[in-house]
Amino acid sequence: MTVLLPRTDLVPNTFEFETEAFVKTTGFREYDARWIFGKEINLLGIQALGLGLGSYIHERGVKPRIVVGHDYRSYSINIKNALIIGLIQAGCEVLDIGLCLSPIAYFAQFDLDAPCVAMVTASHNENGWTGVKMGCQAPLTFGPDEIGRMKEIIMAGAGVERPGGSLKLVQGVQDRYQADVASKAQLKRKLKVICACGNGTAGAFAPQALRAMGAEVIEMDTVLDSTFPKYNPNPEDHHMLMEMAKAVKEYGADLALGFDGDGDRCGVVDNTGEEIFADKIGLMLARDLSALHKDATFVVDVKSTGLYKTDEVLKANGAQTVYWKTGHSYIKRKTSELKALAGFEKSGHFFFNSPIGLGYDDGIVAAAAVLAMLDRNPDKSLSELKEALPVAYTSLTMSPHCGDEVKYQVLEKIVQEYVDLYAAGGEILGRKIVEVITVNGARVHLEDGSWVLVRASSNKPELVVVVESLNSADDMRDLFRKEVKPRLAAHPEVGSYNQEI
């Protein structure tokens, strides 16, 4: 078979579209690959992706044994099959585990002794999207360096055909995953749980797993329907959260747990119907787990609350928190590198290392951790555990427009301004700057625990702004209006905001 040089300019329903590989380069993101199927990639393009991925695995010197699975969308199985053809072309031993969640594919790397994974999923994206989450060193998934090199191979038509490719259909992984994940929480406390899946793939796995943990489960939109008739399965989606809150009140549940389309994220609504953002759930879990595992390290992304730095419970338990780059691949990698007990990302990705998990993001393992925390606090509701946290006033995520071609240069100037201000012993609204974290933009910590963040969006022509005050809502607004907004306004490339506080 001839290696096809992908084109970037084809249109559907043409001879060329049926006979040539089509791959738009915009689909290669920082830590996964995602396209609108038919408009940005075709099946031959997916095959080229498989050949490129397999060739990159050989280039890395990794054993070319790869787990492949797919999510529940009308076209995912065809995309997976095209990917498998490319992987076999590249000389890979393919283990097809069928319909699954991303964490089940990651689990299968350990279960089947396969270093590599390719999970066909568009996660929580709307119908029409497809993508692949990839890795060749469990439990890590690709970051920008790996994605960048693979893109080079694919777009140059430099994939290498090799003999020895094979395909094996493997059954039983899902059952072994269910048994493993259920062991993470064996409840003594009676808990009524809403399990919300938005008709996505998690509906086939999450309710059974939660029941096996001992929870009373009320299923909500767990019937698989690839048209997503109500809303996209996304626990950050306002519509989904409102439906979860409504169900909690209707059934008098202890909490609602919502899972995204491929099951690697978990959203939480408490017994009063209030959403608890993932960074606050992470802080509650860190408090709970640091009492059991003294001197634990936690990794959180730079958009997360500053309470991890100031919390007296974490200090008393000897816990340390490292702030790191936003993005599930980055937090996963840092959690692994530091051998941290857990990593939390504000978007709802939770990572647990031994003895809780295997290091990858898994919404059902995160749900088990929340249920186990409630089991260890039988006299407390989830809202009471939340209210025990110190108060922090955190802004919405605000995004001023800034062109893709200039946003990193503009950000570099803003970061330097904050670094210089800190070096000069400077203040913000009368408070001394005590730290500037520059791993992902500038996160500027003040002496009272308040902070401001300016970073670049990884996938849009925007900057990202978040501020948090430990004093008051008015002070939080001032940190934005009197500090960040005027500072950014001094740069003409920064445009209007999508929303403001």
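## A helix on the inside

Buried here means under 20% relative accessible area, exposed means over 50%, and partly exposed is whatever lies in between, using a 1.4 Å probe and protein chains only. Helices (H or I, at least four residues) and strands (E, at least two) are DSSP runs, numbered from the N terminus. This is a predicted model, where local features need pLDDT of at least 70, side-chain atom pairs count only at pLDDT 80 or more, and totals for chains, interfaces and linings use all residues. Residues are numbered from 1 along each chain as its sequence is written, and side-chain values use heavy atoms, with hydrogens and water left out.

With that in hand, look at helix α12 (residues 328–337): seven of its ten residues are buried, so the rest of the structure largely encloses it. Those buried residues are H328, S329, Y330, I331, K332, K334 and T335.

## Two helix pairs

Two packed helices are described by the angle between their axes and the distance between the axes. The axes are lines fitted to C-alpha atoms, for helices over the stretch in contact, and the angles run from 0 to 180 degrees between N-to-C directions. Angles under 35 degrees count as roughly parallel, over 145 as roughly antiparallel, 65 to 115 as roughly perpendicular, and the rest as oblique. For the residue classes, Ala, Val, Leu, Ile, Met, Phe, Trp, Tyr, Cys and Pro count as nonpolar, Asp, Glu, Lys and Arg as charged, and the others, Gly among them, as polar.

Take α9 (residues 278–292) and α13 (residues 363–376) to start with: they pack at about 60 degrees with their axes 10 Å apart. That makes α9 oblique to α13. On the α9 side, I281, M284, L285, D288, L289 and L292 meet A369, V370, M373 and R376 of α13. Sorted by class, this α9–α13 contact has eight nonpolar, no polar and two charged residues.

Then there's α4 (residues 102–111) with α6 (residues 173–182), at an angle of about 95 degrees and again with axes 10 Å apart. That makes α4 roughly perpendicular to α6. P103, I104, F107, A108 and D111 of α4 make the contact with V173, Q174, R176, Y177 and D180 of α6. The class count for α4 with α6 is six nonpolar, one polar and three charged residues.

## Nonpolar cores

In soluble globular proteins, nonpolar side chains tend to be buried together. A nonpolar core is taken as a set of buried Ala, Val, Leu, Ile, Met, Phe, Trp, Tyr and Cys residues joined through side-chain atoms within 4.5 Å. Which residues touch the most other members of the largest one? They are F259 and F352, in a core of 80 residues. Helix α13 supplies the largest share of this core, eleven residues. There's also a second, separate core of 35 residues, with Y75, L83, C116 and A118 among them.

Two cis peptide bonds are worth a look. The bond from A138 to P139 is cis, with omega near 5 degrees, and P139 is found in the loop between β5 (129–135) and α5. The other joins S354 and P355, with omega about 10 degrees; P355 is in the loop between β15 and α13.

N199, in the loop between β7 (192–196) and α7 (206–212), is buried at 7%.

## Two residues up close

L389 is in the loop between α14 (382–387) and β16 (393–394) and is buried, with a relative accessible area of 8%. Leaving out residues up to four places away in sequence, L389 touches K280, L283, M284 and R287. L389 and L307 are 82 residues apart in sequence and 8.6 Å apart in space, C-alpha to C-alpha.

T8 is in the segment before α1 (15–19) and is partly exposed at 39% relative accessible area. With residues up to four places away in sequence not counted, T8 touches F22, V23, K24, T25 and M155. The C-alpha atoms of T8 and Q499, 491 residues apart along the chain, are separated by 34 Å.

Terms used. Contact means heavy atoms within 4.5 Å.
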